[in-house]
Amino acid sequence: MYDRLWAPHGLVRYGVAPDHPEVKNCTHKFDAAATDPRFKFFGNVNIASSSEPSPIPHSFNIALSKLLPHYTHLLLASGCTIPNPHPLIPYSSYVIPALSLVHWYTDHPAAAGSPPPPLHKTKHVTVIGNGNVALDVARMLLSTPERLGRYDVPAHVLDVLARSQVRHVSVVGRRGPTQAAFTAKELREMMNLEGTSFVPLDPSMIQQAEEGPKLERQQKRILDLLKKGSAQKPGETEKSWDLSFFRSPVGIQLATDGDNSDYPVTLNLAHTTLSPTNSAVPTGIHSEQPTSLVVTALGHHADPNTPWYDPSTGHVRNEAGQVLDSNGKIVKRVYTSGWAGIGARGVLATTMMNAYSVGDRILSETYPEAFNSDITESASDGIAVLPTEVNVDAVPAEIEKAVQEGKITTYEDWRAIDAEEVRRGQETGKERERLSWDEVNNFLHKSSA
């Protein structure tokens with residue numbers, strides 16, 4: 001397993017909100033799988049398929065062509081790492097992707113050296129998007145350091161939150177409450193967030209949703225939560241938040257006094273309604289939303305430099321996990337799973353089930369008799385980029401050398417780092433205290449001395 005990041009576990013470590021530790025329990029299964037002597041992990045490795053530099057400055061770069069001769073099968077599980085921008089609101093110092101905030105509060109290596117968000121001068125945040133990530137960002141920005149202090153939140157993030165001036169978060173969505181992609185669980189957490197109140201919706205909006213097409217169980221739960229409102233009522237709290245449904249940003253203007261204003265930008269919002277096919281259509285009415293910072297949470301797509309990337313889908317071109325070339329031909333014994341293969345959708349369980357499915361396919365194609373499968377290895381007219389026989393114990397020379405030089409981490413390294421992060425966290429009463437790459441290098445060097 002090659003990972004661009006020096007630590008394993010991907011989005012479990014660098015995507016799951018820190019105050020959701022129960023979601024990270026799956027790492028125990030990863031740790032168990034890593035005990036298999038046939039498994040090798042190489043972290044901090046950027047598999048380069050172009051001249052584009054790695055987003056992780058300290059990662060070890062190696063061309064995919066250098067790895068292919070050493071393996072009979074290849075699985076691409078590189079995810080969707082590029083945020084989708086809003087077409088009418090370009091990124092600036094006042095408009096940032098939610099991913100940059102997630103990278104900040106999870107201490108992602110790509111965020112190393114980047115300045116923290118200017119929360120010390122931010123009173124109002126507008127989050128564009130109606131998924132779980134949008135509510136994660138809103139919850140993190142409205143939470144106190146005291147609430148987050150026991151979780152896996154880096155000390156430097158808690159320091160910034162302690163100085164935060166954020167008092168209100170507006171979550172903007174172009175459709176209504178029954179089309180929202182966030183779950184009832186996420187909404188319930190927001191409604192119960194200590195020291196924060198929810199601005200009630202117009203009752204007629206909820207009534208209209210209840211009188212519409214038959215609702216699914218999740219939609220009913222969401223409407224019930226919206227009717228009940230927050231545990232603490234408006235006016236009782238210093239912080240608040242709202243859900244601005246049926247609003248679609250169509251432009252942004254900078255205030256005349258810019259940085260000197262509490263609300264340096266103004267969003268132009270088109271009011272929308274639902275078409276017969278449940279898509280958002282403009283009503284012709286517009287309103288303005290003064291704000292301090294705009295955060296876009298509009299999904300992600302795979303890195304276009306990913307091998308066999310399909311620009312029409314935003315992920316690796318494949319059929320049921322089997323990678324295809326640009327002409328639709330099978331690339332023999334090359335597969336993809338997770339967001340890299342299905343796009344950025346669903347929750348961890350979604351990608352888990354997809355991974356099981358692709359794993360079954362690989363085994364069934366490789367050992368059809370053992371798995372009583374009528375699936376045969378990739379069609380003979382497919383494209384071959386991998387050998388059929390290799391030395392299973394061999395490691396590419398470049399990788400072996402980089403491991404010896406301390407440029408690449410192994411799973412044995414990770415176990416030691418993991419224990420050290422937990423130990424440091426226990427000293428301050430928290431889940432763990434994360435190490436930076438420089439701290440990792442120093443720790444491993446001292447451990448091996």
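Helices (H or I, at least four residues) and strands (E, at least two) are DSSP runs here, numbered from the N terminus. With that in hand, welcome to a short walk through this structure.

This is a predicted model, in which local features need pLDDT of at least 70 and side-chain atom pairs count only at pLDDT 80 or more, while totals for chains, interfaces and linings use all residues. Residues are numbered from 1 along each chain as its sequence is written, and side-chain values use heavy atoms, with hydrogens and water left out.

**Helix pairs**

Two packed helices are described by the angle between their axes and the distance between the axes. The axes are lines fitted to C-alpha atoms, for helices over the stretch in contact, and the angles run from 0 to 180 degrees between N-to-C directions.

| Helix pair | Angle between axes | Distance between axes |
|---|---|---|
| Helix 5 (residues 132–142) and helix 8 (residues 184–191) | about 20 degrees | 10 Å |
| Helix 9 (residues 203–210) and helix 10 | about 160 degrees | 11 Å |
| Helix 14 (residues 411–427) and helix 15 (residues 437–448) | about 110 degrees | 11 Å |

To put words to these angles, those under 35 degrees count as roughly parallel, over 145 as roughly antiparallel, 65 to 115 as roughly perpendicular and the rest as oblique.

Let us take helix 5 and helix 8 to begin with. At about 20 degrees, these two helices are roughly parallel to each other. Helix 5 passes helix 8 in a left-handed crossing (the near helix is turned anticlockwise from the far one by less than a right angle; clockwise would be right-handed). From helix 5, Asn132, Leu135, Asp136, Ala138, Arg139 and Leu142 are in contact with Glu186, Leu187, Glu189 and Met190 of helix 8, where contact means heavy atoms within 4.5 Å. Sorted by class, the residues of this contact are 5 nonpolar, 1 polar and 4 charged. In this sorting, Ala, Val, Leu, Ile, Met, Phe, Trp, Tyr, Cys and Pro count as nonpolar, Asp, Glu, Lys and Arg as charged, and the others, Gly among them, as polar.

The pair of helix 9 and helix 10 packs at about 160 degrees, which makes helix 9 roughly antiparallel to helix 10. Helix 9 also passes helix 10 in a left-handed crossing. Ile206, Ala209 and Glu210 of helix 9 make the contact with Leu223, Leu226 and Lys227 of helix 10. The contact of helix 9 with helix 10 has 4 nonpolar, no polar and 2 charged residues.

Helix 14 and helix 15, at about 110 degrees, are roughly perpendicular to each other. Asp413, Ala416, Ile417, Glu420 and Arg424 on helix 14 face Glu439, Val440, Phe443 and Leu444 on helix 15 in this contact. Its residues fall into 5 nonpolar, no polar and 4 charged.

**Buried helices**

Back to helix 8, now for its burial. Of its 8 residues, 6 are buried, so helix 8 is largely enclosed by the rest of the structure; buried means under 20% relative accessible area, exposed over 50%, and partly exposed in between (1.4 Å probe, protein chains only). The buried residues of helix 8 are Ala184, Glu186, Leu187, Glu189, Met190 and Met191. Their cover includes helix 5, strand 10 (196–198), helix 10 (217–228) and strand 11 (239–244).

Helix 4 (residues 98–105) is likewise largely enclosed by the rest of the structure, because 7 of its 8 residues are buried. These are Ala98, Leu99, Leu101, Val102, His103, Trp104 and Tyr105. Just after helix 4, Asp107 has a positive phi of about 60 degrees.

**Single residues**

Asn354 sits in helix 12 (residues 348–366) and is buried, at 18% relative accessible area. Its contacts, leaving aside neighbours within four places in sequence, are Ser337, Gly338 and Ile342.

Two loop residues other than glycine have positive phi values. Asn278, with phi near 70 degrees, lies in the loop between strand 13 (265–274) and strand 14 (280–291) and is partly exposed, at 36%. Ala320, with phi near 55 degrees, is in the loop between strand 19 (318–319) and strand 20 (322–324); at 56% relative accessibility, Ala320 is exposed.

**Cysteines**

The structure holds 0 disulfides, a disulfide being a pair of cysteine sulfur atoms within 2.5 Å. For Cys26, the nearest cysteine sulfur is that of Cys80, 18 Å away. Cys26 is partly exposed, with a relative accessible area of 25%, whereas Cys80 is buried at 8%.
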